[in-house]
Amino acid sequence: MRYHALIVGAGPAGTTAARYIAQQGLAALVIEQQRIPRVKPCGGALTHRALDLLPKGAESQFQEHPHQWTFQGTGQPPVTLSRDQAYCHIVERQYFDQSLSEAAERAGATVHDGESVQKIGTQDQGVEIVTTEARYHADYLIGADGAYGPTARLMHIPRPRHGAALETEVVPPHSIWERYAGRVEVHIGPYSWGYAWVIPRNGILNIGVGSFRSNTFPLKQAFYQFVEQILGHRNVTALAHPLPYRLSFARPSQGRVLLAGDAAGLMDAFSAEGIYSALRSGAMAGNAVVKAVTKNVPLNDYDHQIYQEFWPSLKSAIKMGLLFYPLPGFWSKFFVKNQSLLSDYLDVAMGDLPYHVLQQHTEKALLTRRPAALSWRR
Ligand SMILES: Cc1cc2nc3c(=O)[nH]c(=O)nc-3n(C[C@H](O)[C@H](O)[C@H](O)COP(=O)(O)OP(=O)(O)OC[C@H]3O[C@@H](n4cnc5c(N)ncnc54)[C@H](O)[C@@H]3O)c2cc1C
């Protein structure tokens, strides 16, 4: 059988693309190398802008609705901010992703799991892929195969840079759980170009450390130190995963192949939020294929759309990282005295403030406090 679209990867990008294509009556096949449900290291925090992109019933996957957010700087007391409404929703990625895959199947897409894509060939009239099980043909291919996936490499599309994160999930004693229920905690300081987090979910704590420049400090050591700080011991199983991001735009399509989500390097290079961009770019890639099949619209329209949709905020995220990460001592002190900027950050997560405004406020704060910034440089 020939498909309209082959999709590599059943993360949020791939299954959303498949759902959008199948909903228009076109034939979509998703190929996922792991068995579904598969584990994906992730905090599982969904910001408000992601909600509109979810299929019906996906809210049943929300396991925690944090109303509080704590910022812990270096050598300063923690700052906790509260909101009347949940500022994000926490999902367990393996079952959340499984529910997205099932939604794609309900829409009419086919999903093959436990099958790995090995080769990709493109011709004028279509694409061919070879997997561990078979050979498939289609009009178009969507590479939604995440940070490690083969599509960008095989198509010679410039790959994103990689930071890295280490995380663990534990069921803590009740006394520790009580401290975190309904509250996300973020720590900065000894994590070069990154941060550590505690994210609660239904009696479980997701504890991790991530860095966009993970080669500049001992990530593993920092991770186990942080785990001990939170749990009082280091006896946990750690999972590692790259944080793929870009510092400049790269076209996410080539010929009949489009990239979406982490494969396209659309992760926010300040916060490491990537589920929203996976869902949104997956939907856009799906729509681009539908338009190409039904209306002959060229695929490079997709490049333009991705640029317009993501680059303003991804650029702000890059600038935020450049302002924030080199000066953890300054920001630690600043946020204790002036919490409005922290509050802006929550407003961005809630979709109440555009990213570039947060960036402007951060630049202003830095410029008006520059001498202090320099004296607090670490
Ligand atoms: C530790 C950590 C914590 C994070 N926390 C958050 C958070 O709280 N909130 C947030 O918004 N983002 C978070 N992110 C980012 C988020 O997890 C990713 O941006 C998101 O998963 C990207 O989705 P995707 O669909 O593009 O790729 P993925 O979810 O990575 O899916 C890609 C899929 O492709 C499959 N694949 C790869 N190669 C092949 C092949 N050859 N053949 C077939 N299949 C293949 C993989 O098995 C995988 O299932 C976090 C990331 C990390 C590492």
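This is a predicted model: local features need pLDDT of at least 70, side-chain atom pairs count only at pLDDT 80 or more; totals for chains, interfaces and linings use all residues.
## Basis of the model

Local features require pLDDT of at least 70 and side-chain atom pairs pLDDT 80 or more, whereas totals for chains, interfaces and linings use all residues. Residue numbers start from 1 along each chain as its sequence is written, and side-chain values rest on heavy atoms, with hydrogens and water left out.

## Domain organisation

The protein chain is divided into domain 1 (2–44 + 92–158 + 250–316), domain 2 (161–244) and domain 3 (327–375); these bounds come from an automatic or database domain assignment.

Between domain 1 and domain 3, the C-alpha centres are 35 Å apart. Five residues of domain 1 are in contact with four residues of domain 3, contact meaning heavy atoms within 4.5 Å. The two domains bury about 430 Å² between them, 59% of it on carbon and sulfur atoms; buried area is the accessible area (1.4 Å probe) that two parts lose on being put together, summed over both.

The ligand is surrounded by 39 residues, of which Glu32, Arg38, Gly43, Arg93 and Asp262 are the closest; a residue belongs here if one of its heavy atoms lies within 4 Å of the molecule. This shell comprises 18 nonpolar, 12 polar and nine charged residues. In this classification Ala, Val, Leu, Ile, Met, Phe, Trp, Tyr, Cys and Pro are nonpolar, Asp, Glu, Lys and Arg are charged, and the others, Gly among them, are polar. Because domain 1 and domain 2 both give residues to the shell, the ligand lies between them.

A ligand oxygen is 3.2 Å from a polar backbone atom of Gly44. Ligand nitrogen atoms lie 3.0 Å from a backbone N or O atom of Val117 and 3.0 Å from a polar backbone atom of Gly274. The protein covers 94% of the 1,000 Å² of accessible area that the ligand has on its own, by the Shrake-Rupley method with a 1.4 Å probe.

Elements giving two or more residues to the shell are α1 (12–23), β2 (28–32), β12 (161–170), β16 (239–245) and α7 (275–295). The most come from β16, with three residues. Helices (H or I, at least four residues) and strands (E, at least two) are DSSP runs, numbered from the N terminus.

## Backbone features

Ile36 and Pro37 are joined by a cis peptide bond with omega of about 5°. Pro37 lies in the loop between β2 and β3 (45–46).

Trp193, a residue other than glycine, has a positive phi near 50°. The loop between β13 (183–187) and β14 (194–201) contains Trp193.

Note on methods
A polar contact is a pair of N or O atoms within 3.5 Å; within protein, one must be able to donate a hydrogen and the other to accept it, and residues adjacent in sequence count only if both atoms are side-chain atoms.
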